[in-house]
Amino acid sequence: MGIHVGSSSGLSTSDPEDEYVRSIALFATLLCACIVIGHLLEKTRWINQSVTALLIGLATGCIILLTSGGKNSRILEFQEEFFFMYLLPPIIFNAGFQVKKKQFFRNFMTITLFGAIGTLISFAIISYGAKVLFPKLDIGYLEIKDYLALGAIFSATDSVCALQVLNQEETPLLYSLVFGEGVVNDATSVVLFNAITSFDLNNFNATEALTFAYSFLTLFVLSTLLGIFVGLLCSFIIRTLYFGRHSTDREIALMMLMAYLSYITAEMFELSGILTVFFCGIVMSHYAWHNITLSSQVTTKHTFATMSYISEVFIFLYVGMDLLDIEKWRFIEDSPGKSFSASGILVGLIMVGRAAFVFPLSLFSNFIRKNRNEKIKIKQQVTVWWAGLMRGAVSVALAYKKFTGSGQTIQPANALLITSTITVVLFSTVVFGLMTKPIIRWLLPDETDPSTPNSSSGMPLLQNGHGHEEGGNENRPSRKRLPDTPPNMVHQYWRKFDDAFMRPVFGGRGFVSQATGTRDMGVIH
């Protein structure tokens with residue numbers, strides 16, 4: 001499973017098994033403390049759950065470091081596979097499962113520009129900037145693959161702070177862009193990272209560049225198709241076998257297991273499990289979710305959101321403790337300034353790389369948008385730029401995967417990059433996160449709602465449109481909604497195809513389910 005007990009965590013005992021149990025108990029206690037303290041602080045809206053977990057992890061690391069005589073700062077040690085196999089899948093699946101599809105696909109072109117093309121632009125700037133500036137720090141030898149991996153690692157954003165401040169009813173366009181770009185960005189970054197790490201870049205030329213591009217696109221397409229296939233298969237099985245007649249537990253279990261199966265299958269075939277499980281979540285929310293009983297609909301939404309929430313808190317808590325890891329800092333104890341300099345360079349490159357695509361692509365998006373009310377105003381562009389400056393769970397997991405081996409740092413350069421990554425995540429999450437609320441409310445004073453805090457994912461669980469709407473939110477009050485616009489031709493043809501061929505086979509909203517016996521599955525929203 002990739003879990004090891006910290007050898008000097010201040011909980012030493014003669015029985016290793018007892019020490020392991022004590023460590024697990026303490027870690028679970030810290031998770032509970034993060035949830036309780038995060039809830040109390042959320043009422044004041046000063047900091048979000050990620051910042052709370054980071055600070056608690058950092059404080060815990062300090063205490064363990066002192067009680068262990070400066071030998072260790074962590075309760076448990078995890079191999080990088082643990083993050084990818086157990087923690088990231090629930091986060092990404094829930095993002096796809098809870099995505100507000102109507103707004104997502106209405107703004108799909110702009111979201112794709114930001115999340116895919118923008119990520120590639122940011123990747124290029126960060127990689128090139130690191131290649132030019134890092135040798136001046138004399139941090140050790142790094143291959144071209146290392147610089148490209150850094151570009152992919154720090155292209156992955158974490159927009160949770162901004163989503164907690166934005167009100168999706170007041171700013172449906174802006175909320176959709178920030179949320180949609182975040183999930184597409186994560187998937188693109190991971191696909192790009194996998195393509196880089198699995199490709200031989202020693203003799204890079206024009207032919208190799210074309211091969212790399214082909215490999216990237218192939219990985220992207222095949223991973224997407226696999227996620228769609230597994231989601232459709234799950235929908236077909238649930239609709240055909242009517243599990244709800246006998247046991248709601250079975251249909252819930254099947255959805256959870258097949259979602260995880262999509263991820264594991266993608267990894268087994270060396271595809272992108274993150275991209276696969278994301279699209280599997282979208283397909284399941286569109287078809288399978290409407291085929292299960294009403295009680296199961298409520299349960300699955302809460303279960304997937306809770307698993308994602310705990311996984312993210314877990315990661316930030318661990319990152320806070322890992323920042324004080326003695327083994328990593330020992331490699332760079334003679335020059336800690338290099339690590340902080342590298343962190344400063346990376347933060348600067350992140351800001352420049354994001355600005356390099358947000359504003360130009362916003363202008364292009366405004367040019368092709370016919371409806372003036374759907375154009376992205378300059379203050380909204382600044383908000384989108386700021387929302388993507390934070391780095392979080394995906395960046396940490398990718399850095400561990402690239403620059404550690406079996407949970408331990410091997411080379412001094414790798415140790416410096418790991419500490420720099422954690423420093424950037426800590427700085428961006430805490431500093432940028434604390435500044436997000438006042439900045440967004442200064443930019444958009446009439447478009448944020450201070451009285452109604454959102455959930456950790458920024459999206460209410462039992463509302464129409466929480467990833468499962470098709471006809472909009474006509475029955476919900478809203479002071480500022482996007483004006484109703486006719487769907488584009490592609491969307492019209494898709495709706496006709498979906499109604500004529502897909503929903504009769506795979507189920508979905510508006511089709512009678514033998515399990516639930518109802519046509520309108522929106523009654524619980």
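Helix axes are taken here as lines fitted to C-alpha atoms over the stretch in contact, and the angles between their N-to-C directions run from 0 to 180 degrees. Helices (H or I, at least four residues) and strands (E, at least two) are DSSP runs, numbered from the N terminus. The model is predicted, so local features need a pLDDT of at least 70 and side-chain atom pairs count only at pLDDT 80 or more, whereas totals for chains, interfaces and linings use all residues. Residues are numbered from 1 along each chain as its sequence is written, and side-chain values use heavy atoms, with hydrogens and water left out.

The average pLDDT (the predictor's confidence in each residue, from 0 to 100) is 78 for the protein, and 76% of the residues score at least 70. Where pLDDT is low, the predicted coordinates should not be read in detail.

Just after H9, Tyr 242 takes a positive phi of about 50°.

Next come the packed helices. Helix H12 (residues 294-322) meets helix H16 (residues 393-403) at about 55°, with the axes 10 Å apart. H12 is therefore oblique to H16; angles under 35 degrees count as roughly parallel, over 145 as roughly antiparallel, 65 to 115 as roughly perpendicular and the rest as oblique. From H12, the contact draws on Ile 315, Phe 316, Tyr 318, Val 319 and Asp 322, and from H16 on Ala 393, Val 396 and Tyr 400. By class, 7 of these residues are nonpolar, none polar and 1 charged, where Ala, Val, Leu, Ile, Met, Phe, Trp, Tyr, Cys and Pro count as nonpolar, Asp, Glu, Lys and Arg as charged, and the others, Gly among them, as polar.

The axes of helix H6 (residues 144-153) and helix H8 (residues 172-197) come within 9 Å and cross at roughly 170°, so H6 and H8 are roughly antiparallel. Their contact divides into 7 nonpolar, 2 polar and 1 charged residues.

Conventions:
Contact = heavy atoms within 4.5 Å.
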